[in-house]
Amino acid sequence: MNDLVIIGKGPAGISAALYTARAGLKTTIIGKDNGALAKAEKIENYYGFENPITGNQLIADGIAQAKRIGSEVISDEVVGIGYDGNFVVKSNNGQYKAKSIIIATGSNRSAPKINGLSEFEGKGVSYCAMCDAFFYKDKDVAVLGCCEYALHEAMELLPVAKSVTLVTNGVEPIDKFPSNIIINKKEIASLEGDQTLNTIRFSDGSSISTAGLFIAVGVAGSSDLAKKLGAETKDTKIIVDENMATNIPGLYAAGDCTGGMLQIAKAVYEGAKAGVEVIKYIRSLKD
Ligand SMILES: Cc1cc2nc3c(=O)[nH]c(=O)nc-3n(C[C@H](O)[C@H](O)[C@H](O)COP(=O)(O)OP(=O)(O)OC[C@H]3O[C@@H](n4cnc5c(N)ncnc54)[C@H](O)[C@@H]3O)c2cc1C
């Protein structure tokens, strides 16, 4: 059992670990890649470097530092989070239990631009299979996406729904989808319905009937993960208080995923603050 799982190995996630691991908390960091900084060729506005440094070098040094002080750093993609008395983080290759979580997954990609998507949010359009699958018992549902995250959401729906269709919106899916998931690669023109979603129309004029569409495009983003635990979000940002705490006890967020200034210095501060607050939180559980 981990005291803390940090999702994201960018400046915010690593900065949090520097505090929690040094305070003796069992800290695991799970991150998919180098995040926003992978594309930063020259950083010269962050403290302590006489000469510009590349984003990839800054990340590599941060990860080495976190490992040196005792954090475990795992390269993997997180596809879901749940709660069963402890937090449960599901990744492509494993499952990790923790008393506390910090989401530090950077800024979300923008939501897919599909006519009718926002109109049917909460009325057939969902962002969490684990939370909402039950409402679609014995109904036809669809998952929008192509890859590991979409596969995870589809597998959550399969035992409950009457049928599950993967709609890729023109993208080629990975080849891991089992044969009982129907694959539809056509481009989507619009989502249609009356009070609730009932139809996905494609740009060639054809359509499929569906009671629900689960959005799982690309990698699970910050707000997708936060919503799975019932945390408050605004647009694609996670709402936190001045202690980086969400409305869910034990769940914190830091860095670009909380909005505001999208800079390393801010991500590092918020990671540090979240780390310090997690230390207090874990100690309070032991009292
Ligand atoms: C091209 C470019 C240049 C920039 N230049 C500067 C600069 O010069 N100075 C400056 O201060 N800022 C700069 N920034 C901004 C800076 O990169 C960000 O503010 C900072 O990286 C935010 O840190 P973060 O830890 O919040 O997120 P990120 O650095 O984006 O890290 C997010 C982490 O979460 C992981 N992740 C996301 N989703 C998942 C998932 N589902 N499962 C597992 N892991 C996941 C990613 O793999 C990554 O490890 C630049 C940004 C860009 C794009």
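Two strands count as paired if DSSP finds at least two bridges between them. With that in hand, welcome to some close-up views of this predicted model.

**View 1. Strand 14 and its parallel neighbours.** Let us begin with strand 14, which covers residues 212-215. Strand 8 (residues 140-144) pairs with strand 14 in the parallel sense, over four bridges. Here alanine 142 stands opposite leucine 213 of strand 14. Strand 7 (residues 125-126) also runs parallel to strand 14, and two bridges link this pair. For valine 125, the bridge partner in strand 14 is leucine 213.

**View 2. The two faces of strand 14.** Are the residues on the faces of strand 14 buried or exposed? Gly212 and Phe214 lie on one side and are buried.

View 3. Now turn to the open sheet whose strands follow the order 11-12-13, with antiparallel pairing. Its edges are strand 11 (188-193) and strand 13 (207-209), each of which pairs on one side only. From one strand to the next, the twist averages 20°. Looking in more detail, five bridges join strand 11 to strand 12 (residues 197-202). Serine 190, for instance, has arginine 201 of strand 12 as its bridge partner.

**View 4. Where the two domains touch.** The domain assignment divides the protein chain into domain 1 (2-109 + 220-286) and domain 2 (125-215). Their centres, taken over C-alpha atoms, are 30 Å apart. How many residues of each domain are in contact with the other? Nine residues of domain 1 meet seven residues of domain 2. On the domain 1 side, strand 4 (78-83) and helix 5 (222-228) each supply at least two of the touching residues. This side is made up of two nonpolar, three polar and four charged residues.

**View 5. The surroundings of the ligand.** Finally, here is the shell around the ligand, with 33 residues. Which residues come closest to the ligand? They are Gly8, Gly10, Gly35, Gly106 and Gly255. Helix 1 (11-22), strand 2 (27-31) and helix 6 (264-286) are the elements that give two or more residues to this shell. By type, the shell divides into 17 nonpolar, ten polar and six charged residues.

Terms used:
Residues are numbered from 1 along each chain as its sequence is written. This is a predicted model: local features need pLDDT of at least 70, side-chain atom pairs count only at pLDDT 80 or more; totals for chains, interfaces and linings use all residues. Domain bounds come from an automatic or database domain assignment. Ala, Val, Leu, Ile, Met, Phe, Trp, Tyr, Cys and Pro count as nonpolar, Asp, Glu, Lys and Arg as charged, and the others, Gly among them, as polar. Axes are lines fitted to C-alpha atoms, for helices over the stretch in contact, and angles run from 0 to 180 degrees between N-to-C directions. A residue is buried if 20 or more other C-beta atoms lie within 10 Å of its own, exposed if 12 or fewer, and partly exposed in between; C-beta atoms are placed from the backbone. A residue is near a molecule or strand if its C-beta atom, placed from the backbone, lies within 6 Å of it.
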